[in-house]
Amino acid sequence: MEQVSMEATNPNPSSMSGVAAASAAELLCCANARALLDSVDAFLFDCDGVIWKGDKLIDGVPQTLDMLRSKGKKLVFVTNNSTKSRIQYANKFQSLGLSVNQDEIFSSSFAAAMYLKVNQFPPHKKEDAEKRAQWKSNCLFEHDKYVGAVVVGLDPDINYYKLQYATLCIRENPGCLFIATNRDSVGHMTDLQEWPGAGCMVAAVCGSTEQEPIVVGKPSTFMMDFLLQKFNVSTSRMCMVGDRLDTDILFGQNAGCKTLLVLSGVTTQSTLDDPSNSIKPDYYTNKVSDILSLLGE
């Protein structure tokens, strides 16, 4: 969780909501896999649950990415996990044997930084991981009155001090923005199990401030503006590949991309098929490497 100090006025953020498509999802097969490949110039991949789980690669990912690159496809990695910078993510890819340039990586922390930059907020990270709140008589909890934005993301060091600081800034500082990197409920922080995601931290601040945040990560299409500038590919020629319906697939649909759900992460077949689920991808399959096997590569 970060607080950004500034003395500028509050910008007027635009709405970032979207509407999900409700058509039935197709199981990826040889015929539609070939059609998908021919109709797409750029593949956008989520990372957790799609490329890896924790620090373990999902089977077949390196070969699949190599095949797509060999066919001239542009690869972009769009993650909601805000715990690493683009350079740190590039290092992680390299440590797992994948050659990925940092310019191909777009994270929700990058999106938050770009949002602040676009709105002329000078960033300032408050180092408070070791601080703890104390309840004492006649003791006032002090906070910086000039903080103009609070960014809430995935934070393994979340504590009561940070929650109180964020709450005071948002509730008491005039025009202070409440920005969320994402609202993912859980994520594969390790290879063996899911862990609480940024969504639970965002929810805590929503509860204490009684305000809703500006979400800059998926499913918001805020990052898509930067992708379009960088890669010069129409969204109709992009395919978003992800393991979450409410972030990855909805992001692709909001932006006008084709969508492919993989069942190697958070979403299960039963969740996809549940009658209450209104978010349907264009295609779905078990894992990314199914593209490789279905094409007979």
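The legends below describe close-up views of a predicted model.

Because the model is predicted, local features are reported only where pLDDT is at least 70 and side-chain atom pairs count only at pLDDT 80 or more, whereas totals for chains, interfaces and linings use all residues. Residues are numbered from 1 along each chain as its sequence is written, and side-chain values use heavy atoms, with hydrogens and water left out.

**View 1. The residues listed by UniProt as a binding site.** An unreviewed UniProt entry lists D46, D48 and D243 under "binding site"; such positions are given in the numbering used here, feature names are shortened, and annotations may be inferred rather than shown by experiment. The three span 198 residues in sequence, yet no two of their C-alpha atoms are more than 8.2 Å apart, so they gather at one spot. D46, D48 and D243 are also part of the lining of the largest cavity, where a cavity is a set of points, on a 1 Å grid over the protein atoms alone, at which a 1.4 Å probe fits but cannot get out, and lining residues have an atom within 4 Å of a point. The "active site" annotation, likewise from an unreviewed UniProt entry, covers D46 and D48.

View 2. D46 is buried at a relative accessible area of 6%, and D48 counts as buried at 13%, the classes being buried under 20% relative accessible area, exposed over 50% and partly exposed in between (1.4 Å probe, protein chains only). D243 lies in the loop between β13 and α8 and is buried, with a relative accessible area of 2%. Leaving aside neighbours within four places in sequence, the contacts of D243 include D46, D48, L261 and T267. The side chain of D243 also reaches the backbone nitrogen of V266 at 2.8 Å.

View 3. D46, K218 and D248 are linked in a network of salt bridges, a salt bridge being a side-chain nitrogen of Lys or Arg within 4 Å of a carboxyl oxygen of Asp or Glu. The side chains of D46 and K218 make a polar contact of 3.0 Å, a term for a pair of N or O atoms within 3.5 Å in which, within protein, one must be able to donate a hydrogen and the other to accept it, and residues adjacent in sequence count only if both atoms are side-chain atoms. R244 forms a salt bridge with D246, with the closest N and O atoms 3.3 Å apart; R244 counts as buried at 6% relative accessibility, whereas D246 counts as partly exposed at 36%.

View 4. By the rule stated for View 4, the count comes to 10 salt bridges. In one of these, the side chains of R69 and E104 meet at 3.1 Å, N to O. This pair links distant parts of the chain, with R69 in helix α2 (residues 61–70) and E104 in the loop between α3 (86–95) and β7, 35 residues apart. R69 is partly exposed at 32%, while E104 is buried at 15%. The side chains of E212 and R183 meet in another salt bridge, at 2.8 Å, N to O. Here E212 sits in the loop between α6 (198–209) and β12 (214–215) and R183 in the loop between β9 (177–180) and β10 (186–187), 29 residues apart. E212 counts as exposed at 56% relative accessibility, and R183 as partly exposed at 36%.

**View 5. K162 in helix α5.** K162 is found in helix α5 (residues 160–172) and is buried, with a relative accessible area of 4%. The side chains of K162 and D155 are joined by a polar contact of 2.7 Å.

**View 6. Helix α7 and what covers it.** In helix α7 (residues 222–231), the buried residues are F222, M223, M224, F226, L227 and F231. Their cover includes β3 (42–45), β6 (74–79), β7 (105–107), α4 (108–118), β13 (238–242) and α8 (245–255). After α7 comes N232, whose phi is positive, near 50 degrees.

Notes
Helix = DSSP H or I, 4+ residues; strand = E, 2+ residues; numbered from the N terminus. Contact = heavy atoms within 4.5 Å. 1 Å grid on protein atoms, 1.4 Å probe; cavity = no way out; pocket = protein on both sides within 12 Å on 5 of 7 lines; lining within 4 Å.
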